[in-house]
Amino acid sequence: MNFDLFDKISSKYKDYKIEKIKSGASKRIFYRLIKGSNSLICLDSGNEKKEYYNFLKAHSYLSKVNVSIPNIYEKDDVNHILILEDFGNLRFDKILKNYSLKNLLECAVKTLIILKNNIDFNHSKDLSVYNFHTLKSEISEFTDYYIYANNREIPKDLIEEFYECWQKNFDSIGFDFNNFVHKDFNI
């Protein structure tokens, strides 16, 4: 049991079993709260406070559109914790092996079309515009994960060259960021 989380979550979840969920390269920590046949997801963004608020902003956009997103049952702005609906194994990464790639990509494209056609996105309101700095923080997961998985350092000049290649390609595309795009569909 995670006693640190246990002390932060609402008392109504104290009798739930807490299981940590593998969260990849993210600094956010995911837990499954289980009580009988009921399960919820606890998203602890204490290590990424900015991402907590970005998640809430994106959720406010997506909740107004006909796409499937987890309901937020409870939010704790002090500890940066959310209690969310649990989709169980109906996540894209879990069903990838069970369906044809063509069908899954078709669903993904249809979702992007729904987002494009239904979200009146004005980035000057409250969401940041996607830029190279954002991309760099995302692709840094590769180098960080490599170092973690292989327990060895990558030479600094090789990392710099890696970022320079990405910067060059990012700049050559000349994106027009007039649309909302969920980060699960980032470049």
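## Salt bridges and a charged patch in a predicted chain

The side chains of E74 and K12 meet in a salt bridge, with 3.2 Å between N and O, where a salt bridge is defined as a side-chain nitrogen of Lys or Arg within 4 Å of a carboxyl oxygen of Asp or Glu. This pair links distant parts of the chain, since E74 lies in strand β4 (residues 72-76) and K12 in the loop between α1 (3-8) and β1 (17-21), 62 residues apart. E74 is partly exposed, with a relative accessible area of 22%; buried means under 20% relative accessible area, exposed over 50%, and partly exposed in between, computed with a 1.4 Å probe and protein chains only.

The model is a predicted one, in which local features need pLDDT of at least 70 and side-chain atom pairs count only at pLDDT 80 or more, while totals for chains, interfaces and linings use all residues. Residues are numbered from 1 along each chain as its sequence is written, and side-chain values use heavy atoms, with hydrogens and water left out.

The chain as a whole has 6 helices and 5 strands, these being DSSP runs numbered from the N terminus (H or I of at least four residues for helices, E of at least two for strands). Read from the N terminus, the elements follow the order α-β-β-β-α-β-β-α-α-α-α. Of the 187 residues, 29% count as buried, and among contacts (heavy atoms within 4.5 Å) between residues at least 6 apart in sequence, 51% join residues at least 24 apart.

The structure holds 8 salt bridges, and one of them joins E48 to R28, with the closest N and O atoms 3.6 Å apart. Here E48 sits in the loop between β3 (38-44) and α2 (49-62), and R28 in the loop between β1 and β2 (29-35), 20 residues apart. At 19% relative accessibility, E48 counts as buried. Another salt bridge, between E106 and K110, has an N to O distance of 3.3 Å; because they are 4 residues apart in helix α4 (residues 101-118), E106 and K110 are separated by about one helical turn. E106 is partly exposed at 38%, and K110 is partly exposed at 48%.

On the surface, D157, E160, E161 and E164 gather in a patch of negative charge; such patches are made of residues with over 30% relative accessible area and no salt bridge, with like charges joined within 9 Å and nonpolar side chains (Val, Leu, Ile, Met, Phe, Trp, Tyr) within 5 Å. Of these residues, E161 belongs to helix α6 (residues 156-173) and is partly exposed, with a relative accessible area of 45%.

How values were computed
Areas by Shrake-Rupley, 256 points an atom, 1.4 Å probe, with all protein chains shown as cover. Lys, Arg positive; Asp, Glu negative; His and termini not counted. Charge placed at Lys NZ, Arg CZ, Asp CG, Glu CD.
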